[in-house]
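Hello,

Here is the structure I promised to hand over. Please have a look at it first, and then read my notes below.

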Amino acid sequence: MSSPLSPFTPPVVKRLLAWKKGEHEKDDKWAEKAVKSLVKKLKKTGSLDELTKALSTQDPCTKCITIP
């Protein structure tokens, strides 16, 4: 069972973490930190909605997401 997320974890981070593959509990904190950083970078470029769309629809025709 994975460890609970921080009560201060934004909802968008929680949604993206739901797509995480694997069940390594020791990686949960690292994954949360990595997704928070990714969200912060993608918000600046406006690509966050595209990433959410790509994950939720599993559509290969979505735009490519790049991290500056």
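**What I found**

Gln58 sits in the segment after H3, and its phi is positive, at about 55°, although Gln58 is not a glycine. For background, most residues other than glycine have a negative phi.

Before going on, a word on where this comes from. This is a predicted model, in which local features need pLDDT of at least 70 and side-chain atom pairs count only at pLDDT 80 or more, while totals for chains, interfaces and linings use all residues. Residues are numbered from 1 along each chain as its sequence is written, and side-chain values use heavy atoms, with hydrogens and water left out.

The overall picture: the protein chain has 3 helices and 0 strands, giving the pattern α-α-α along the sequence. Helices (H or I, at least four residues) and strands (E, at least two) are DSSP runs, numbered from the N terminus. Of the 68 residues in the protein chain, 25% count as buried.

How confident is the predictor? The average pLDDT (the predictor's confidence in each residue, from 0 to 100) is 81 for the protein chain, and 85% of the residues score at least 70. Confidence is highest in helix H2 (residues 28-45), at 89, and lowest in H3, at a mean of 87. Please keep in mind that where pLDDT is low, the predicted coordinates should not be read in detail.

Now to helix H3 (residues 48-57), where Glu50 is found. Glu50 is buried yet has no salt bridge, and the nearest side chain of opposite charge, Lys53, is 4.3 Å away. A salt bridge needs a side-chain nitrogen of Lys or Arg within 4 Å of a carboxyl oxygen of Asp or Glu; Lys and Arg count as positive and Asp and Glu as negative, with His and the chain ends not counted.

Which residues does Glu50 touch, not counting those up to four places away in sequence? They are Thr62, Lys63 and Ile65, where contact means heavy atoms within 4.5 Å. Of these, Lys63 belongs to the segment after H3 and is exposed, with a relative accessible area of 62%. Lys63 and Lys53 are 10 residues apart in sequence, and their C-alpha atoms are 9.5 Å apart in space.

Best wishes

Conventions
Buried < 20%, exposed > 50% of the residue type's maximum accessible area, 1.4 Å probe, protein only.
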